[in-house]
Amino acid sequence: MKILGIDTSCDETSAAVVADGTRILSNIVASQIDIHSRYGGIVPEVASRQHLLTIIPVVKRSLEEANIGWNNLNGIAVTFGPGLAGSLLVGVNFAKGIALASGLPLIGINHLEGHIYANWLEREPLPVFPSLCLIVSGGHTNLILMRGHGEFEHLGRTRDDAAGEAFDKAARILHLGYPGGPAIEEAASSGTPRFTLPRAWLKGTNDFSFSGVKTALWHLIHKEEILNSPARVADAAASFQNAVVEVLATKTIEAARKLGVRQIILGGGVAANKPLRYRMLDASPVPIIFPPSVLCTDNAAMIAACGYYKIQQGLTSDYDLDVVSGLSLD
Amino acid sequence: MKSLELKLQSPKQTQLLGMHLGKLATQGDVFLLVGELGTGKTCLVQGIVHGLGIKQYAFSPTFIIIREYHGRLPLYHIDLYRLDNIEEIADLGLDEEPYTKGICAIEWADKGLNILPEQHLLIQLSYNPDIDTERTAYVMSKGKRYEELVTQLKVILSKENSWN
């Protein structure tokens, strides 16, 4: 069974064809990072205009690379939230149009669920249940218990900034550019975490908070004259990264122990952060799985994979599918 | 124009100020929030959310720009952090429905002061260079409705010991 996936939730226009929820036949991602890095972030109207320009060529290429036509497809999966409303609309309306014209089933996908299903792609053996999922990206920091396909329990989330957003803001404070995750990781690789920054443990909950460490970093650069020395910037980046990674890893592993899950699943752009992966691999009592870096960041293959399992459960959407910018997984 | 300067000794006190604003808020109110990264803008909005009777955590809307909450009145929590260009802010259409039917709390409002509603309550948050956890809130009204709001706020705060 072959599913076309479409994702326009943020700043990448992506289309992919996935067979049986696991095999990637094509995965095209047109990134707008070059455009947005000039602004140090995503600009919503620029983003939706770019999606409009790129969606047709991107979908066409995904079919060409998969070497199939519309008649070989079995469904169209599209992200309907969460994300930027204007950007989501481009993907959802495009998907509705081709679903109507082709008669193929339309499947609305929650982007967060997509990040989890990135772990079903090109993996042998497949993930097992129950699993604890940590989704960490520019817009999300969520701890989710997954008991089976489509069976989720939301355990915790950030109370202020998402982990990836904290990386972006820290990179801005340290003048390291956008996107902040890779910029901080690279700067940190030549530094030592010698500055003390606070960790918000929020004991007794599965929630996270990253605004305190961001504020502490701001105070640090103003007190220690960090910015005029690349070595000190590297140390500050390493200290910041260490603080964020330690909280993410420790709280996730603690929750996994308590819940007795069989596996921990990582997803989202921050899951590409190597210190996070290593720390979790080191400390976890259960296997940790995560997608290759290209499948951690936004892509449509994960949306198609998720769509396959939805179709298997008979969960398709009507043509009145609407975007939900603040969609959660509850 | 009426104004008010407050020392906020902790994030809790920032939230408390927000909670009072949330309780006093009426349809169409616009709160403009200005201040460096980490001075407590989102924290203040968490208080507003609470004051409107919304049982949810207001977390950062930076990623999706506008986040909606539904309580006694709808609250639109808006973040201009990523928008550096005035046309992009104008494109949000904050002077139109549904925003005018609810309450708008706009972070990084200094990026769009020229095109944001002329009548508003502006709350400027700043660090205290000597005490890391302390902030100063400078509250300023533009327009009659907001002068009234500042007067009401002063009355409430004068009854609580925690405000100096």
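Guide: Let us take chain B, going from its overall build to one helix, and then to some of its aromatic rings.

A word on the ground rules comes before the tour. Residues are numbered from 1 along each chain as its sequence is written, while chains are lettered from A and ligands numbered from 1 in the order in which they are written. This is a predicted model, where local features need pLDDT of at least 70, side-chain atom pairs count only at pLDDT 80 or more, and totals for chains, interfaces and linings use all residues; side-chain values use heavy atoms, leaving out hydrogens and water.

Chain B holds four helices and seven strands. Here helices (H or I, at least four residues) and strands (E, at least two) are DSSP runs, numbered from the N terminus. Along the principal axes, the C-alpha atoms of chain B fill a box of roughly 45 × 35 × 30 Å.

What about the inside and the outside? Of the 164 residues of chain B, 57% count as buried, where buried means under 20% relative accessible area, exposed over 50%, and partly exposed in between (1.4 Å probe, protein chains only).

Now find helix α1 of chain B, residues 11-24. At 1.5 Å a residue, its 14 residues should span 20 Å, and the end C-alpha atoms are 20 Å apart, which agrees. The expected span is 1.5 Å times one less than the number of residues. Several residues of α1(B) are buried, among them Leu17(B), Gly18(B), Met19(B), His20(B) and Leu21(B). Their cover includes the strands β1 (3-8), β2 (30-34), β6 (120-127) and β7 (135-142) of chain B, and it also includes the helices α2 (41-51) and α4 (144-158) of that chain.

Next come the rings. Searching the whole structure gives 10 aromatic pairs over all chains. Rings of Phe, Tyr and Trp (its six-membered ring) pair if their centres lie within 6.5 Å; planes under 30 degrees apart count as stacked, over 60 as edge-to-face and the rest as tilted. One such pair, Tyr76(B) with Tyr99(B), is edge-to-face, at 4.9 Å centre to centre and with 80° between the planes. Tyr76(B) lies in strand β4 (residues 74-79) and Tyr99(B) in the loop between α3 (86-91) and β5 (103-107), so this pair ties together parts of chain B that are 23 residues apart in sequence. Tyr76(B) and Tyr99(B) are both buried.

Another pair joins Tyr81(B) and Trp108(B), and here the rings are tilted: 5.3 Å centre to centre, 50° between the planes. Because Tyr81(B) sits in the loop between β4 and α3 and Trp108(B) in the loop between β5 and β6, the pair ties together parts of chain B that are 27 residues apart in sequence. Tyr81(B) counts as buried at 5% relative accessibility, and Trp108(B) is buried with a relative accessible area of 13%.

Stay with Tyr81(B) a moment. Lys111(B) lies over the face of its ring, at 5.7 Å from the ring centre. A charge sits over a ring if NZ of Lys or CZ of Arg is within 6 Å of the ring centre and within 35 degrees of the ring normal. Tyr81(B) also takes part in a link to chain A: leaving aside neighbours within four places in sequence, the contacts of Lys169(A) include Tyr81(B), Leu37(B), Ser60(B) and Thr62(B). Lys169(A) belongs to helix α5 (residues 163-173) of chain A, and at 4% relative accessibility Lys169(A) counts as buried.

Technical notes: Contact means heavy atoms within 4.5 Å.
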